[in-house]
Amino acid sequence: MRAISLLVTAAGMALGQTAPAKPDSPAPEPLPVTIQHEMRAGSTAIKYSTTTGRLPIANEQTGAVEGQMFFIAYTRETPTPKSQRPLMFSFNGGPGAASVWMHLGMIGPKRVRMMEDGSYPPPPFELVDNQHTFLEFADLVFIDTIGTGYSRASTADLGKKFWGVQGDIASVSEFIRLYLTRYQRYTSPLFLIGESYGTFRAAGVAGYLIDRGIAFNGVLLISSILNFQTARFNKGNDLPYSLFLPTYTATAWYHKKLPRDLQGDLKKALKESEDYAQGEFAQVLAKGDRLTPQERSDAVGKLSRLTGLDKRYIEENDLRIQIMKFIKELRRSEGKTVGRLDSRLEASEGSNGSEVPGFDPAMTAIRPPYQSLIVDYLRGALKYETDLPYYVLGGGIGNWEYGPGGTNQYADTSDALRQAFVKNPYMRLFVASGYYDLATPYFATEYTMSHLGIPPQFKGSIDKSYYEAGHMFYIHVPSLKKVSGEVADFVRRASSGGKATNSGQ
């Protein structure tokens, strides 16, 4: 990701009263803004407050403030003392994505109105009450990491400290510690929910904070990636080719490209694809050039059956179909490309000769409504006034450091999650995946979960659920309704220390 210069001055924000500043000193950070609200979820009236502002992220040794982290907190008015009410910290991923996606798509009391299937809505875009908001059963804090949303490093050079695996985990952990301290929520049942790279972060934060005295009742992974080896199509790394295959099959099924005997039943098609992916296909890939002509021919035929792609195309690509090639090739004959984030969605590019698509139909469907509505919502309903650009996805961060010198292309936080489990026997895990997600495929998540290395007694503490949509599966209204009910049950059980049951399908 290219480096950019940061706008770090927040002059002109009228967010509340502050102490007078000395004429020659920097303007103090305005106090967070608190506003009262009310909404209805079905027949239930929900009264709640929002607190919107920034918290300082200070250097642990010197105490110098190195960044300001933006947040939006929702606290419901209930007879239960807030110190006992579940509290959920939420962030998205990227790296470089603000928390807007889950905030206005799944969790918060407002959501972006999309079409019923999650496709692009006609402008002007609209926020509506979220009838499935998680605020019904938990208070919510949405965190924008440094360089996303309105979060900023104190100087452009300091940004580098936050734009990497370890700095990111440490800064988000520090935000959580400071929020719990300032708002007196240490005795609340605590939850983390991350999406995409946010799941990588959530695993790291859970492991980081358990060693600093903060334990979570539950961690929720939405469209998960904890081990980057499962998703890097690099020379010599054959793992993604087998782990992406079931999602290729799901996509081909959705677009009616499978043989008749597979086309009638998605679960049947996925079972055949999963069995082949983790069995014979893994062996085929491992053999490389040692394959016999018959073995190679058999593999080509099987892959064509499970992907809907032409045998010749599979042969020309040495049995290894990278993700961007797949989404371009599947419907090339119709002049269409399918989405990476949600392979149900499609678009016509106008040019059909390229090897890979020019854009992702799923991203182009969601970015304009989410980006415009979050800024309008913050300034209008939440009364947070600033002229800073709100960085929704990219634009606010520089190159991301996955390891020392950028060497660790297979970054992995799964062991941090394992450490959180074994050090906190009451922690529960909820893992949610979309069948049509080609960014973080569900079978890659299955692989990672089966390689956590946790003791057998903890395996009953993991809930898994699947949705017939993509990466942001909640833009599909039936999936939104489903996940809200499942998470409500998960939070209730985890808050009371009840054992989770494996709900995998």
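This is a predicted model: local features need pLDDT of at least 70, side-chain atom pairs count only at pLDDT 80 or more; totals for chains, interfaces and linings use all residues.

Trainee: Which strand does Ser 223 lie in, and what is its phi?

Mentor: Ser 223 belongs to strand E10, residues 218–224. Ser 223 is not a glycine, and yet its phi is positive. The value for Ser 223 is about 55°.

Trainee: Lys 256 also has a positive phi. Is Lys 256 buried or exposed?

Mentor: Lys 256 sits in the loop between helix H6 (245–254) and helix H7 (260–263). Its phi is near 60°, again in a residue other than glycine. The cut-off for exposed is over 50% relative accessible area, and Lys 256 has 66%, so it counts as exposed.

Trainee: Back to the whole chain, then. How many helices and strands does it have?

Mentor: Both kinds of element are there. The count for the protein chain is 16 helices and 14 strands.

Trainee: And why can we call the chain as compact as a globular protein of that length?

Mentor: Compare the radius of gyration with what the globule rule gives for 505 residues. The rule gives 23 Å, and the chain comes out close to that, so it is as compact as a globular protein of that length. For the box, the C-alpha atoms fill roughly 80 × 50 × 50 Å along the principal axes. The radius of gyration itself is 23 Å.

Trainee: What percentage of the residues count as buried, and what share of the contacts join residues at least 24 apart?

Mentor: Buried means under 20% relative accessible area, and 57% of the 505 residues count as such. For the contacts, take those between residues at least 6 apart in sequence. Among these, the share joining residues at least 24 apart is 71%.

Trainee: How far apart are the centres of the positive and negative side chains?

Mentor: The chain carries 55 positive and 51 negative side chains.

Trainee: On to the rings. What kind of aromatic pair do Phe 71 and Phe 175 form?

Mentor: A pair of aromatic rings is described by the distance of the centres and the angle of the planes. Here the distance is 5.7 Å centre to centre, with 55° between the planes. Planes under 30 degrees apart would count as stacked and over 60 as edge-to-face, and the Phe 71 and Phe 175 pair is tilted.

Trainee: Which parts of the chain does that pair tie together?

Mentor: Both partners are buried: Phe 71 has a relative accessible area of 0%, and Phe 175 has 0% too. They are 104 residues apart in sequence.

Trainee: Which residues form one aromatic cluster with Phe 71 and Phe 175?

Mentor: The structure holds 37 aromatic pairs. The cluster with Phe 71 and Phe 175 also takes in Phe 89, Tyr 179 and Tyr 183.

Trainee: Helix H3 also holds Leu 178. Which residues is Leu 178 in contact with, leaving aside its neighbours within four places in sequence?

Mentor: Leu 178 counts as buried at 10% relative accessibility. Its C-alpha is 8.7 Å from that of Ile 57, which is 121 residues away along the chain. The contacts of Leu 178 are Leu 55 and Pro 56.

Trainee: What about Leu 192, where is it and which residues does it touch?

Mentor: Leu 192 is in strand E9 (residues 190–196), and it is buried, with a relative accessible area of 0%. Not counting residues up to four places away in sequence, it touches several residues, among them Phe 89, Phe 91, Ile 176 and Val 205.

Notes. Residues are numbered from 1 along each chain as its sequence is written. Side-chain values use heavy atoms; hydrogens and water are left out. Helices (H or I, at least four residues) and strands (E, at least two) are DSSP runs, numbered from the N terminus. The radius of gyration is taken over C-alpha atoms; the globule rule is 2.2 Å times the number of residues to the power 0.38. Buried means under 20% relative accessible area, exposed over 50%, partly exposed in between (1.4 Å probe, protein chains only). Contact means heavy atoms within 4.5 Å. Lys and Arg count as positive and Asp and Glu as negative; His and the chain ends are not counted. The place of a charge is taken as NZ of Lys, CZ of Arg, CG of Asp or CD of Glu. Rings of Phe, Tyr and Trp (its six-membered ring) pair if their centres lie within 6.5 Å; planes under 30 degrees apart count as stacked, over 60 as edge-to-face and the rest as tilted.
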